[in-house]
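Please look over the structure below before reading the comments. They are set out as numbered points.

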Amino acid sequence: MALNDINNDGARYAFICTWHDPMTDITWRYQFMYHTNDQSIEMYDIKNQKTFLKRVAYPAITLEQLYIGSTILVYTRQLLIEDYGDEFTRKHLRGLQETTCAMIKPDAICNAGKILECITRNGLLIKHMRMCQLSRKQAEEFYNVHQGKPFYESLIQLISNGPVIAMELVGENALCRWRLLLGPTSTEVARIKAPSSIRAQFGTDTTMNACHGSDSHENARIETLFFFRCWNMGMSARFRNCTLCIIRPHAVMSGCAGAILDRILCQFDVTAMELTQFSRHAAADFLAVYQGICPDFCSMTHELASGDFIILEIVDKENPCSNPVNKFREFCGPADSCIARALRPRSLRAEFGINKVKNAVHCTDIPDDGELEVGYMFTHQWEGR
Ligand code: CMP
């Protein structure tokens with residue numbers, strides 16, 4: 001029997017991963033193996049043809065995280081999964097890891113949290129996500145197949161008049177499943193035929209129908225490239241009277257990001273958003289002010305580099321020209337989630353955090369730093385981005 005056949009002991013999946021060593025500027029290639037029966041991993045150094053990491057239990061990594069383009073943290077190394085490592089893995093996982101392009105349209109941005117919850121609840125993973133403000137020209141390029149149709153002008157107006165949230169989704173049968181979750185194009189029809197669909201719940205009419213989904217694999221590829229070819233495509237951040245929120249990796253990984261965003265959107269506007277990641281160096285740079293002051297600096301750095309996180313530019317909904325730093329910090333609650341549960345049980349950190357390090361969200365601390373932190377996170381091309 002082949003080593004990786006599925007049997008009572010589970011399966012062994014193999015991937016080709018790379019790790020870029022910032023000190024030497026060398027990129028190392030590894031064969032990375034994952035055993036489903038005991039969630040153990042092992043690594044083989046391809047260049048030197050020798051074992052790099054002996055098989056060891058590593059429950060922090062789950063099979064869902066292992067798809068092409070994903071980044072995983074193994075001890076202190078951030079590995080990028082570049083390809084399947086053998087035919088068995090390719091054959092078994094390719095179908096389970098189909099990708100598609102999704103877009104939340106301007107009319108449904110206020111429901112973005114609920115839509116993200118629906119995506120994760122239905123077993124789809126978000127591989128890339130970015131809020132974009134499209135120009136008229138970009139909107140025309142995206143919807144060029146509809147040029148000449150009676151609804152074309154209102155569609156272009158809608159898409160270029162406010163921000164959209166573009167996503168690449170991954171999962172089994174992702175393209176069809178996302179279209180099924182959307183429901184029929186017409187919101188009116190959706191309300192009759194698929195009342196629990198996204199368009200039935202959050203759409204207004206046939207053009208303002210909440211979300212878009214690619215209609216073929218080829219279009220999914222073209223649309224994903226359109227949004228994610230360039231890291232700062234359609235920047236929507238305003239960089240004024242704003243504060244920064246980071247939905248931490250542990251909260252993203254446990255599927256809470258949608259619920260957190262939904263809570264935020266009740267009181268604040270989100271004017272920029274991106275799913276991104278830090279290398280350990282970049283995380284340490286960002287948290288440098290806490291070094292030597294905060295005893296948890298090392299665990300905070302490790303947590304922030306442990307997976308994808310979501311950065312948000314936050315603006316006060318009621319008073320968009322005021323500095324929102326203090327108001328948002330109050331909303332997040334005390335930094336330690338255990339203390340937050342005792343003192344401010346309705347705060348974000350009380351509800352979604354675990355402890356001092358895994359406290360669900362980072363927020364800017366000092367009123368003068370809001371615009372600085374937002375500027376840093378949305379314009380900096382740090383290592384690992
Ligand atoms: P979407 O899935 O984004 O793909 C093309 C969009 O065109 C569609 O959602 C609607 O927003 C819009 N659209 C398609 N057909 C019609 C129609 N008959 N009337 C108005 N708008 C439409």
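The points below cover the cores, the annotated histidines and two further residues.

1. Basis. This is a predicted model, in which local features need pLDDT of at least 70 and side-chain atom pairs count only at pLDDT 80 or more, while totals for chains, interfaces and linings use all residues. Residues are numbered from 1 along each chain as its sequence is written, and side-chain values use heavy atoms, with hydrogens and water left out.

2. Main core. A nonpolar core here is a set of buried Ala, Val, Leu, Ile, Met, Phe, Trp, Tyr and Cys residues joined through side-chain atoms within 4.5 Å. Buried stands for under 20% relative accessible area, exposed for over 50%, and partly exposed for values in between (1.4 Å probe, protein chains only). The largest nonpolar core has 48 residues, and the members touching the most others are Ile104, Met167, Trp178, Ile198, Ile264, Met273 and Leu312. Helix 10 (residues 257–267) supplies the largest share of this core, six residues. The core lies between domain 2 (97–228) and domain 3 (243–378), because both give residues to it; the domain bounds come from an automatic or database domain assignment.

3. Another core, of 23 residues, lies apart from the largest one; its members include Ala237, Leu287, Phe309 and Val357.

4. Helix 10. Helices (H or I, at least four residues) and strands (E, at least two) are DSSP runs, numbered from the N terminus. Eight of the eleven residues of helix 10 are buried, so the helix is largely enclosed by the rest of the structure. Among the buried residues are Ala257, Leu261, Ile264 and Leu265.

5. Which positions does UniProt list for "active site"? The unreviewed entry gives His212 and His362; such positions are given in the numbering used here, feature names are shortened, and annotations may be inferred rather than shown by experiment. The two are spread over 151 residues of sequence and up to 30.5 Å between C-alpha atoms. From this set, His212 is in the lining of the second largest pocket. (On a 1 Å grid over the protein atoms alone, a pocket is an open set of points where a 1.4 Å probe fits, with protein on both sides within 12 Å along at least five of seven lines; lining residues have an atom within 4 Å of a point.)

6. His212. This residue sits in strand 10 (residues 211–213) and is buried, at a relative accessible area of 12%. Contact means heavy atoms within 4.5 Å. Beyond its neighbours within four places in sequence, His212 is in contact with residues including Cys101, Lys105, Tyr143, Trp178, Arg199 and Glu223.

7. Ser236. Serine 236 is in the loop between helix 8 (217–228) and strand 11 (243–247), and counts as buried at 15% relative accessibility. Its side chain reaches the backbone oxygen of threonine 271 at 2.8 Å. Apart from neighbours within four places in sequence, Ser236 is in contact with Met131, Cys132, Gln133, Thr271 and Ala272.

8. Ala340. Leaving aside neighbours within four places in sequence, its contacts are Pro334, Pro345, Ser347, Arg349 and Ala350.

Key:
Polar contact = N/O pair within 3.5 Å; in protein donor to acceptor, adjacent residues only side chain to side chain.
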